Amino acid sequence: MKMSNTEERLRTENVGKLLLTLSIPNIVAQLINMLYNVVDRMFIGHIPEVGSLALTGVGVAFPIVMLIMAFSYFIGMGGAPLASIKMGQGNKKDGERILGTSVVMLVLISITLTVLFLAFGEQLLVLFGASAETLPFAWDYMKLYTLGTIFVQLALGLTPFISAQGFAKESMLAVLIGAVFNIVLDPLLIYGFDMGVQGAAIATVISQMMSAIYVLHFLLGKKTTLKIKKEHLKVNKGFAIGVLSLGISPFIMQSTESLLNISFNTALSTYGGDINVGAMTIIASLMQALMLPLMGLTQGAQPIISYNYGAQNNERVKKAFTWLLGLSMGYSTLFWLVMKLTPRFLIRFFTTDPVLMETTIASINVYMAVVFVLGAQIATQQTLIALGQARQSLILALLRKIILLIPLIYILPQFMENKVFAVLLSEPIADFLSVTITVIVFFITFKKLLAKNHTEIPIHPDAVEEGSPQVSSNADAVTDNRY
């Protein structure tokens, strides 16, 4: 089977150079993607007279936004590594079957989420910490954003399939198109047409729609290696199990971020009031400036790791991970230093309210105390996903937020006089413990995987029976089987 130019690069190009080539556009794309929510908050926070309340209201609605995004990652980040491994094995046809299955699943999820959130949205917002003053702003934003769920799912869920093939610039362009529309439309609709938070939501929906159109156009076009084909637009049970098994970890990472946001909002609302919820809204935005570039780095490394793991080139897998770990740790440390030295400069982008600003600075000093260690967490956990290790990545995804952080949010205030401080302190404690455990588990698993991959004999794709994906429902078997 003749390899494409992209596949040849994944096999032979200098790993460090290739990782940077693939990561930089993905990092830019993630930073641009961050603008969808951050730009909204910047403009909303400066709405005359009601800016602080409106910002808090959108912060309360943000868990639902994150949950919608989580479902797109469920499919996209579960299917893309599997498709990339198939490419490494020389099995393009099954890669396209995985893509087709993923498209159908994204559409079905979109319909379900739209109906549920429109039916029960207001009740959820109250449950998530909306007060009588902030509920109108939260619901105005959420109900319009929910109507654009289909565009969010297709744009965010299919872009990983572009990145997984090594088309980093095209992946960046998919996000850039939406961001440009969002930046232009936000002030026009919020201020020019005096639509407030509703204008921000409409701007975001239109922006995601434009991104979705570009992604579909690319994956239907001539340049892509893996193409959306009509005959593959059906849910293949075997591939669906593989996608869901591997995608459950990034889904939990994102959806528990939503649950985590709810936990912080309700606890801070109870112990500190709306001003502390507003501060957490700003902190959540700043944390995106850490997490999304790290995700961009892992997206750049993923096709290198997945493809070469499928091709049984262990040395390139090890080199790619080493580069990823070093760059991730370097960036998370740099972010920590910036937040320690210049928080006021960054907070001014969101608010000029002096009380909210001082509250946010005090919260950052506690919340981000050990944030520099998160580079190691993301690098190791995402590498497990790139290697198709669903079970381990799932357990580690649950560890930091579900097992450690959320219980600490409610437990620590019972033993400390300063309740708000106790809630915020739960973050650095959970970060330190989870990173330590994750790194230990990763290196034990990584060594075993490469030893096993070195000794196995790959099955040539031509020997695979037509129409038989042979994806095990066992999470660990998603990629260990050679199909």
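## Aromatic cluster

F321, F442, F443 and F446 make up one aromatic cluster. The structure is a predicted model, in which local features need pLDDT of at least 70 and side-chain atom pairs count only at pLDDT 80 or more, while totals for chains, interfaces and linings use all residues. Residues are numbered from 1 along each chain as its sequence is written, and side-chain values use heavy atoms, with hydrogens and water left out.

Rings of Phe, Tyr and Trp (its six-membered ring) pair if their centres lie within 6.5 Å; planes under 30 degrees apart are stacked, over 60 edge-to-face, and the rest tilted. The count by this rule is 12 aromatic pairs. The F442 and F443 rings have centres 5.2 Å apart and planes at 80°, so this pair is edge-to-face.

F442 is buried, with a relative accessible area of 0% (buried means under 20%, exposed over 50%, partly exposed in between, with a 1.4 Å probe and protein chains only). F443, at 40% relative accessibility, is partly exposed.

## S363 and its helix

S363 lies in helix α13, residues 354–367. S363 is buried, at 5% relative accessibility. Apart from neighbours within four places in sequence, S363 has contacts (heavy atoms within 4.5 Å) with A279, I283 and L424.

## The whole protein

The protein has 17 helices and zero strands (DSSP runs numbered from the N terminus: helices are H or I, at least four residues; strands are E, at least two). Of the 483 residues in the protein, 62% are buried.

Of the contacts between residues at least 6 apart in sequence, 84% join residues at least 24 apart.
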